[in-house]
Amino acid sequence: MDVSIFDLTKTFGKVRANEQIRLHFAAGQIHGVLGENGAGKSTLMKLLAGFLRPDAGEIWLDGQPVKLLNPAIALRVGIGMVAQEPLVIPAFTALENFYCASPASAMPNLASARQRLLNYAEQFGFTIQPDLPVANLTVGQRQQLEILRLLALGAKLLILDEPTTGISALQKKALFEALRKLAAEGKTILFVSHKLEEVAEICTTVSILRAGRVAGEGQMIMPQPQDHLLSLMFGQEIQTKNPSLPQKSETSSAQSVWKLDSVTLREGSRSLPNLNLDIPAGTILGLAGLEGEGQQLFLRLLAGRLRPKTGQFWLKDVEMTNSAPKAFREAGIHYVPADRLAEGLVGKFSLVEHLSLLSKMPGLLINLRSAQAQAGAAIATYAIKAAPTTPLAALSGGNQQRAMLALIPAHCTGLLFDQPTRGLDILSARAVWQQLLARKAAGTAIVFASVDLDELLKYSDSILVFHGGRVSKALDRTDLSATQLAELIGGVGFVAGE
Amino acid sequence: MQKMRFSSLAVQNFLLTTAGTLFFTTLILLISGISPLAVYQLLFFGAFSSPSKIADLLMLAAPLLLCAAGLTLTFAAGLYNLGIEGQLTLGAIFAMLPLRLWPDLPPPLLWVLAFLAGALGGSLWAASTASLKIYAQVNEIFAGLGMNFLAMGIALYLVFGPWQRIGTASMSGTEPLPNELWLPTLPNLRLAPLAPLLALSALGIVWFLLAHTKWGISVRATGLNPIAAENLGVPTNLRLFETLFGCGILAGIAGAIQILGVFHGLIPNVSSGIGLLALLIVLLVQAQPTWLLPIVLLFASFAIGSVQLPLALNVDSNISGVLQGSLVLFALMARGIQERRQKKH
Amino acid sequence: MNLDQFWVDLAAVLASASPLILATLGETITERAGVINLSLDGTMLLAAMVGFAVGFQSQNVGLGLLAAALVGGFIGLILGFLSLSLRQSQTAVGFVLALLCTDLSSFLGNAYVRVPGVAVPSMPIPFLKDLPILGKLFFHHDLIVYSSFILTPALSWFLFQTRNGLILRALGEQPTAAFARGINVIQYRYFYTILGGMLVGLAGAAYSLDLKQGWSHRHIAGMGWIALAIVIFGAWQPWRVAFGCYLFSALQVLASRSQSLWPSVPTQVFQVAPFALMLGFLVLVNLSNKPPSTPREAQISLRWLSLAKLMLLMQGLLHSLAASPPAALGKPFYNDEP
């Protein structure tokens with residue numbers, strides 16, 4: 001399907017998410033759409049898939065203008081989107097997900113739906129068990145299921161929003177093969193990403209969005225020089241240098257912050273066996289692995305929110321095996337969850353209110369003046385774009401993450417981060433890491449979980465790989481290459497620690 | 001500029017709410033073939049027509065304000081404490097205990113004991129709801145309802161069983177307390193000044209706690225985002241327990257006022273729906289302590305004004321409940337319309 | 001107690017549960033779509049009053065039932081407008097509606113208090129009614145009771161076997177996913193809120209035109225709240241919800257039978273007891289649902305279990321009752337945000 005976009009504009013309040021976008025996507029090709037987070041990629045894709053309605057502009061399919069008022073219409077004309085977090089219904093089985101809300105013409109009943117699902121899966125080499133609850137599937141499998149569902153509905157334009165986030169190396173390989181095959185069949189594929197190398201690997205053309213507009217000369221034929229693409233994505237701001245690789249740290253003499261002796265974890269059906277580990281002060285430990293392999297269990301153990309099933313556990317040489325979360329906070333351990341607004345911050349509270357809440361000053365009353373002073377200082381130190389009394393929900397992701405950091409005392413013993421830069425643009429992510437590296441230098445032990453290999457390799461001193469309910473031994477960063485790490489995450493050459 | 005826009009929005013909101021409510025209640029009255037004007041006159045002004053009416057108004061407003069203040073705490077923590085009716089009832093039952101056990105003690109001491117016992121009863125009941133919520137994950141609405149039924153069962157048992165009036169057991173309650181145990185009133189009025197004083201101090205305390213203490217801000221954090229609050233180091237379950245407990249204390253004191261100052265004995269329906277009415281009020285003001293007092297007085301005046309309706313106009317007094325309920329409903333509607341408009345701009 | 005009496009009581013349990021079954025299954029439909037209609041107590045009272053009044057004025061039971069259903073549907077529409085379109089809290093709106101409708105029913109229903117009116121006629125089913133035992137139990141009722149028998153399997157079939165049932169469940173589980181599949185979430189939620197409300201309205205009329213055959217102030221107050229609790233007790237599964245209704249009904253019959261056993265306890269207490277007991281059952285179900293998260297808590301709840309000998313027997317049953325609510329229950333759905 002041939003897709004043309006004319007002057008598409010969409011605003012949210014004062015934010016111009018898309019402004020006069022003009023692009024053309026030819027049939028039978030894979031088109032890359034690049035841009036940093038917040039550049040307007042997701043909005044554009046949602047407009048194409050009928051999730052949002054444009055304020056102005058037109059979309060033409062095969063030379064005909066269409067009004068995509070809702071996803072139902074978009075699906076009917078052959079547009080399907082796989083969201084970054086595939087929009088599946090976790091309580092349903094794979095088959096029910098596949099069948100749900102499909103038109104009767106495509107699948108008259110559950111039995112025929114099952115047949116179609118199996119046929120399509122075989123065609124693309126995906127392995128999906130129809131009767132397994134989707135809650136038990138990995139992100140990659142859910143994505144595969146969504147692709148098959150959209151194809152079964154007759155999608156001729158397939159939109160994939162950041163499809164390689166959170167999937168394994170093997171799944172990525174299968175995905176790319178499937179996409180090439182679909183393009184060869186004449187389908188139009190939009191591949192939305194912020195990863196240059198992936199776009200370079202698979203796309204025929206590339207278009208770059210920056211601040212809601214198409215950057216540069218418009219759509220370009222791949223390959224393009226990386227520097228050119230980077231400068232289009234980030235404008236002039238890219239000049240900041242990459243932080244250099246961490247030095248092989250000489251921490252053997254440093255005091256250990258966390259020490260685990262034969263610790264076993266269990267929560268519901270998830271468990272992690274036999275952890276022996278020593279995390280010294282002033283080091284960064286990265287937790288690698290697909291999402292949901294137990295990294296969160298591990299982080300919560302270190303934060304004192306999950307007690308070991310067996311084994312012993314010390315914090316700075318004090319046994320904390322059965323201590324309450326409060327004791328961990330008092331010992332200077334801080335935990336920052338992945339979803340800031342859902343779990344980390346009170347959206348309706350401002351910085352002042354958060355600082356009043358966290359105040360360690362004696363007395364029962366709120367000291368407003370001191371909280372205001374602290375908020376002012378935090379805004380200056382962390383370059384947060386907000387007033388002291390702005391509700392944090394009104395801030396951008398990067399500012400929220402900086403606010404989160406500002407809430408953690410400067411000199412703390414240990415920091416636990418789940419996906420520290422998820423949803424942040426590159427510059428915000430760098431700002432966050434600069435803060436973290438400064439804290440590391442001041443002697444804080446940092447443990448973070450990430451699905452971003454670059455981030456893991458760039459900042460960790462050592463890395464734990466989580467795979468299939470087991471954990472590797474701590475691997476020295478300097479001994480690891482990107483390929484090795486990717487393979488370990490996928491289970492190739494994975495050996496559990498003793 | 002910002003301020004002007006805010007106030008014009010508030011005026012719009014107010015007008016929409018009032019117009020909607022009056023339209024609806026007038027419609028209901030006309031359907032029933034009743035002339036609305038006479039009814040409104042009694043409803044709106046009846047409570048202020050004589051000193052004795054004003055006294056009644058204050059004696060209703062006092063327990064109502066106590067409950068509303070308590071519910072402001074639980075609402076700030078994100079709880080719908082529907083169990084307040086039971087908490088009030090248990091407060092009333094417990095307040096009866098010292099009065100029945102040691103009727104010969106000096107009255108002032110007995111009053112103190114009765115208020116303390118009432119607070120104990122209400123908070124015990126609230127603590128049970130809190131435990132069910134925290135340890136058995138029963139939604140506080142249903143835990144509270146269960147405790148309400150249980151409280152009603154106990155009150156019925158006492159009124160018709162061991163505490164029944166000599167000779168006859170009836171819904172009109174236990175043997176009235178001896179006159180000297182009644183809370184002292186102003187001459188010739190049913191107004192016991194202690195009751196509104198207690199209620200006002202409760203309101204002051206709740207306002208101060210929520211607005212100015214670290215505990216208060218942690219309660220609000222718990223109500224707005226319990227997971228984040230927990231991650232920021234707030235013991236959220238403890239906060240849920242504490243706010244329910246505090247609400248139970250205030251509801252229990254309200255129950256004691258019902259015994260000592262209003263009914264002068266235990267009746268099965270000792271709560272008279274005051275707890276639910278208070279919940280309605282808290283929904284209307286969205287747990288902002290500053291607006292609590294005027295709205296409590298307004299709602300109480302409707303209720304007192306409506307008492308005269310059956311005799312004066314042969315109109316059912318439940319119209320005051322219709323007025324109160326539709327007021328809150330239209331306020332929610334006005335708020336929703338406003339939020340929708342703001343979103344569009 | 002002789003055996004005949006037992007069968008008579010059992011038939012009474014089946015019949016007296018019928019309004020509750022209509023109400024709880026109506027609420028199950030609404031909650032499965034992700035909306036909590038907390039107004040049940042008021043809606044049932046208002047619908048009972050209006051149904052009775054319309055039946056009385058027209059001398060036509062059918063019109064009365066229809067009017068009651070329309071009242072229930074209309075309350076559902078108001079709840080939908082305020083919570084789905086204007087995005088106010090479902091809990092708040094439902095609660096206000098519960099109180100408002102209760103007062104409305106009392107105010108408007110004054111003229112009909114304890115007035116003899118029309119009633120749903122009894123309709124024994126030919127031939128089947130003569131079956132031994134079964135005839136008495138199942139085929140000596142009226143249309144309302146029969147429809148309560150049919151509704152449970154029908155809803156179960158709809159939810160779990162049909163295309164539309166799958167969509168209904170998706171609305172409550174993951175509305176964003178339903179939206180992405182081309183479903184108009186808000187419109188569908190309106191529909192199921194109104195449909196559920198209509199069943200709740202019918203339930204009200206089932207009291208005033210059938211089970212209680214008459215209207216008086218607040219005579220079924222509390223039933224709506226119990227219905228809401230039974231939906232949770234029944235874990236949003238039609239069969240378990242129906243079981244909850246029969247359990248409550250049985251408790252009521254038991255309570256009235258036990259009055260003679262404890263003459264010292266006032267009769268009023270027996271009227272309240274089933275309500276408190278039913279909520280007690282809800283607590284037990286929840287306790288057994290909860291995975292013990294720390295060893296200490298496990299010990300505590302185990303001690304509780306051994307304290308109540310019955311629990312050990314019921315534990316298996318309760319575990320089979322364990323289920324979680326629709327994941328998006330009570331949560332608003334927006335599709336116009338970045």
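Is Phe138(C) buried, partly exposed or exposed?

1. Phe138(C) is partly exposed, its relative accessible area being 30%. Bear in mind that this is a predicted model.

2. Phe138(C) also has a ring partner: together with Phe149(C) it makes an edge-to-face aromatic pair, with 5.7 Å centre to centre and 75° between the planes. Phe138(C) belongs to helix α6 (residues 134–138) of chain C and Phe149(C) to helix α7 (residues 143–161) of chain C, so this pair ties together parts 11 residues apart in sequence.

3. Over all chains, the count comes to 26 aromatic pairs. One of them is Phe52(C) with Phe56(C), and this pair is stacked, at 6.3 Å centre to centre and 20° between the planes. With planes under 30 degrees apart counting as stacked, the 20° angle puts the pair in that class.

4. Why are Phe52(C) and Phe56(C) separated by about one helical turn? Because they sit four residues apart in helix α3 (residues 40–58) of chain C.

5. Over in chain B, have a look at the aromatic cluster formed by Tyr40(B), Phe44(B), Phe45(B), Phe299(B) and Phe302(B).

6. Chain A gives us a couple of charge-over-ring contacts. Lys181(A) has its charged end over the ring of Phe124(A), 5.0 Å from the ring's centre. Likewise, the charged end of Lys259(A) sits over the ring of Trp314(A), 5.3 Å from its centre.

Technical notes
Residues numbered from 1 in each chain as written. Chains lettered and ligands numbered in written order. Predicted model: local features only at pLDDT ≥ 70, side-chain atom pairs only at ≥ 80, totals over all residues. Heavy atoms only, no water. Phe/Tyr/Trp six-rings, centres within 6.5 Å; stacked < 30°, edge-to-face > 60°. Helix = DSSP H or I, 4+ residues; strand = E, 2+ residues; numbered from the N terminus. Buried < 20%, exposed > 50% of the residue type's maximum accessible area, 1.4 Å probe, protein only. Lys NZ or Arg CZ within 6 Å of the ring centre and 35° of its normal.
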